Amino acid sequence: MGDISYSNGTNNGNGNGNGNGVNGKAHSVLNGYRKSCWYEEEIEENLRWSFALNSILHTGATPYQDIALLDTKPFGKALVIDGKLQSAETDEFIYHECLVHPPLLHHPNPKSIFIMGGGEGSTARELLRHRTVEKVVMCDIDEEVVEFCKSYLIVNSEAFCDPRLELIINDARAELEHREEQYDVIIGDLADPIEGGPCYKLYTKSFYELIVKPRLSKEGVFVTQAGPAGIFSHTEVFSCIYNTLRQVFKYVVPYSAHVPSYADIWGWIMASDTPFELSADELDLRIKQRIKGENRYLDGKTLSSASTLSKAVRQSMDNETHVYTEGTARFIYGHGHGSAYKQN
């Protein structure tokens with residue numbers, strides 16, 4: 001749950017003390033002039049993450065989720081959905097380069113891509129930098145969030161206008177089920193599995209086995225964001241998503257990177273029935289040949305390092321036995337108002 005608090009200040013002049021609160025209570029201290037405004041997110045029961053705000057640019061609610069755009073002092077503009085920080089201006093490139101480039105670089109010739117979620121447009125932006133890509137299907141259920149991001153996240157405006165991008169407003173599971181074509185890469189740019197939000201169904205063994213894998217072309221690659229991957233937090237969902245994908249695909253590679261605005265190490269997982277065999281030098285060559293412009297974060301050595309997990313995390317991942325199903329789901333800490341995916 002994300003909160004807005006006002007330190008040593010007024011109630012922001014709105015008369016009700018909620019300060020346009022983001023998805024939760026906001027607190028006002030009526031003992032002088034307002035000196036600072038803070039965003040606070042509860043990461044676990046006894047741990048909260050907060051940072052100072054310049055302003056609250058927008059708050060609203062759709063039928064599926066609560067949304068807010070904050071102008072933060074340390075991280076620039078930040079998109080918050082259901083009280084969880086989704087991306088921040090200063091470091092979103094880390095998350096999106098890690099999500100997009102590894103699967104595309106490992107594929108011999110990626111032309112067609114399907115994004116589950118991705119409404120803010122940053123995943124599409126990174127995909128469309130690849131010279132081989134001919135078609136990107138971005139499927140997000142929440143049209144209001146997509147339109148919101150088109151209006152406010154100017155950095156992605158070019159991607160939304162690219163003729164190679166096909167935007168579909170629908171439930172990603174239903175859309176993949178009824179489509180007959182196959183894709184070279186399928187990307188899960190999904191909300192985290194939070195109790196009370198139905199997107200956890202898009203992390204299950206049955207979904208991977210019966211819906212995702214049949215829609216991959218020969219040598220196709222699937223990748224998903226997989227939640228916190230820190231020394232303690234990786235056992236929330238990262239390790240069991242990894243073990244679940246091992247039940248479905250022959251080759252599964254977990255990797256991680258520090259994303260400062262998330263206050264943790266973050267994880268992604270690639271899976272395919274074709275081995276991931278490229279060296280750091282081979283990855284660098286493909287980056288040079290295929291990607292327009294310079295990556296800010298990812299190169300061959302970075303990816304090789306990212307897929308080398310610490311001893312403790314590696315041992316824990318190897319020993320994980322939990323398989324993610326609808327009946328045995330795990331969740332990250334928090335409770336969602338809703339989700340980018342409807343209950344089927």
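A: Strands β10 (residues 183–189) and β12 run parallel and are joined by five bridges; two strands pair if DSSP finds at least two bridges between them. Helices (H or I, at least four residues) and strands (E, at least two) are DSSP runs numbered from the N terminus. Opposite Gly188 stands Thr224 of β12. The model is predicted: local features need pLDDT of at least 70 and side-chain atom pairs count only at pLDDT 80 or more, while totals for chains, interfaces and linings use all residues. Residues are numbered from 1 along each chain as its sequence is written, and side-chain values use heavy atoms, with hydrogens and water left out.

The two strands belong to an open sheet of seven, ordered β9-β8-β7-β10-β12-β14-β13, with mixed pairing. The edges are taken by β9 (165–169) and β13, each of which has a single partner strand, so one side of each lacks a neighbour in the sheet. On average, neighbouring strands of the sheet are turned by 15° against each other, direction ignored. Helix α7 packs on this sheet, touching β12, β13 and β14, and its direction makes about 5° with that of β14. Here contact means heavy atoms within 4.5 Å; axes are lines fitted to C-alpha atoms, for helices over the stretch in contact, and angles run from 0 to 180 degrees between N-to-C directions.

Helix α7 (residues 238–246) is mostly covered, with eight of its nine residues buried. Buried means under 20% relative accessible area, exposed over 50%, and partly exposed in between (1.4 Å probe, protein chains only). The buried residues of α7 include Phe238, Ile241, Tyr242 and Leu245. Besides β12 (216–228), β13 and β14 (264–272), the buried residues of α7 pack against α6 (205–212) and α10 (311–319). Thr244 lies 8.7 Å from Thr321, C-alpha to C-alpha, although 77 residues separate them in sequence. Thr321 sits in the loop between α10 and β15 (332–335) and is exposed, at 67% relative accessible area.

Next come the nonpolar cores, sets of buried Ala, Val, Leu, Ile, Met, Phe, Trp, Tyr and Cys residues joined through side-chain atoms within 4.5 Å. The largest core has 50 residues, and among those touching the most other members are Tyr255, Trp268 and Met270. Helix α1 (residues 92–106) gives the most to this core, eight residues. A second, separate core has 39 residues, including Cys139, Val212, Phe222 and Phe249.

For context, the protein has ten helices and 15 strands, and 57% of its 344 residues count as buried. Mean pLDDT, the predictor's confidence in each residue from 0 to 100, is 88, with 86% of residues at 70 or more. Residues 8–34 stay under 50, with 64 contacts beyond four places in sequence. Residues 336–344 are also below 50 and have 41 contacts beyond near neighbours in sequence.
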